[in-house]
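Subject: Structure handover and notes

Hello,

The structure is placed below for your use. My notes on it follow.

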Amino acid sequence: MATRACGPHTFNAIQPKITQDTLKQDGFGGWKQVLDHCNEETFDAIFQFNDYLIIQIDTDASEIAPYNVAKNDNSGHAKSQYRLHCEIKHRLLKNVPRGCRKKYSSRIIFAICHNEIECWLLPLYHTGAAACKTTNCIYTLNRALSKKNLPGIPDKDKNCDMAQKAYRNILKQIRKPADVEHLAACSHGCAMFLEGLYMIKKGEEQ
């Protein structure tokens with residue numbers, strides 16, 4: 001979870017916290033912690049000092065309690081990215097009391113990653129169907145990085161120095177809005193996140 005304070009480029013990490021010296025997460029962060037932070041007390045505290053809240057969560061563990069969002073429908077078919085995104089958004093908001101939900105709904109942006117956030121990055125290295133994969137994304141991404149003699153992302157520790165270096169190399173390719181739009185073309189979750197950011201920009205320009 002992260003927030004944007006008053007000013008166009010100020011972000012405050014809520015959960016997990018980010019250390020000031022190493023810019024790494026301080027302590028464990030995961031979907032359970034995200035759900036725990038979706039409550040009235042936390043939201044009231046966040047919006048005292050911040051304009052917006054970004055909630056980022058992956059769908060890979062969505063079927064585990066208490067996340068409890070099935071990936072397949074009653075017929076056993078995989079749900080569309082659109083449907084899964086909607087159901088997970090609804091699940092996150094279930095933890096927030098109705099009054100708080102109504103109060104802050106226009107100030108919450110969701111970054112819901114179908115499977116894992118590395119899936120959003122595949123269009124930087126692949127085209128066609130491979131760019132829009134939603135399974136084995138970190139493996140596919142690491143193979144592409146290896147072919148370019150770039151460090152890969154350790155799937156067991158995405159917070160280590162090697163992972164940080166890999167992410168920095170990847171993000172160098174995202175320099176302008178068109179680059180982000182290219183990523184969003186392959187992922188409903190990324191597209192919805194981008195739409196949320198555009199709504200903020202539109203509101204501030206009015």
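**Leu84 and His114**

Leaving out residues up to four places away in sequence, Leu84 touches Thr59, Val69, Ala70, Lys71, Lys79 and His114, where contact means heavy atoms within 4.5 Å. This is a predicted model, in which local features need pLDDT of at least 70 and side-chain atom pairs count only at pLDDT 80 or more, while totals for chains, interfaces and linings use all residues. Residues are numbered from 1 along each chain as its sequence is written, and side-chain values use heavy atoms, with hydrogens and water left out.

Leu84 is found in helix α3; helices (H or I, at least four residues) and strands (E, at least two) are DSSP runs, numbered from the N terminus. With a relative accessibility of 3%, Leu84 counts as buried. Buried means under 20% relative accessible area, exposed means over 50%, and partly exposed is in between, with a 1.4 Å probe and protein chains only. Leu84 and His37 are 47 residues apart along the chain, and their C-alpha atoms are separated by 21 Å.

His114 lies in the loop between β6 and α5. At 17% relative accessibility, His114 also counts as buried. Not counting residues up to four places away in sequence, His114 touches Thr59, Gln81, Leu84, Cys119, Trp120 and Thr134.

**Backbone points to check**

Most residues other than glycine have a negative phi, and most peptide bonds are trans. The exceptions below are listed for that reason.

- Asn115 has a positive phi of about 80 degrees although it is not a glycine. Asn115 lies in the loop between β6 and α5 and is buried, at a relative accessible area of 17%.
- Asn136 has a phi near 50 degrees, again a positive value in a residue other than glycine. Asn136 is placed in the loop between β6 and α5, but counts as exposed at 52% relative accessibility.
- Asn149, which follows α5, has a positive phi near 55 degrees.
- The peptide bond from Ala65 to Pro66 is cis, with omega near 5 degrees. Pro66 lies in the loop between β5 (52–58) and α3.

**Helix packing**

Helix α5 covers residues 137–147, and its buried residues are Cys137, Ile138, Thr140, Leu141, Asn142, Ala144 and Leu145. These buried residues pack against α6 (161–171). On the α6 side, the buried residues are Ala163, Gln164, Ala166, Tyr167, Asn169 and Ile170, and what covers them includes α5.

Helix α7 (residues 177–184) packs with α8 at an angle of about 140 degrees, and their axes are 8 Å apart. Axes here are lines fitted to C-alpha atoms, for helices over the stretch in contact, and angles run from 0 to 180 degrees between N-to-C directions. The contact is made by Pro177, Val180, Glu181, Leu183 and Ala184 of α7 and by Cys190, Ala191, Leu194 and Tyr198 of α8. By class, this contact has 8 nonpolar, no polar and 1 charged residues. In this classing, Ala, Val, Leu, Ile, Met, Phe, Trp, Tyr, Cys and Pro count as nonpolar, Asp, Glu, Lys and Arg as charged, and the others, Gly among them, as polar.

**Second largest pocket**

How much space lies in the second largest pocket? The value is about 450 Å³. Of the 18 residues that line this pocket, the closest to its centre are Lys89, Ile108, Ile109, Phe110 and Gly196. A pocket is an open set of points on a 1 Å grid over the protein atoms alone, where a 1.4 Å probe fits, with protein on both sides within 12 Å along at least five of seven lines; lining residues have an atom within 4 Å of a point. Grid points are joined across faces, edges and corners, and a volume is the space filled by probe spheres set on the points.

The elements that give two or more residues to the lining are α3 (81–94), β6 (108–113) and α8 (188–205). Of these, α8 gives the most, with 7 residues. The lining has 10 nonpolar, 6 polar and 2 charged residues.

**One exposed lysine**

Lys103 lies in helix α4 (residues 98–104) and is exposed, with a relative accessible area of 55%. Lys103 and Phe43 are 60 residues apart in sequence and 10.0 Å apart in space, C-alpha to C-alpha.

Regards
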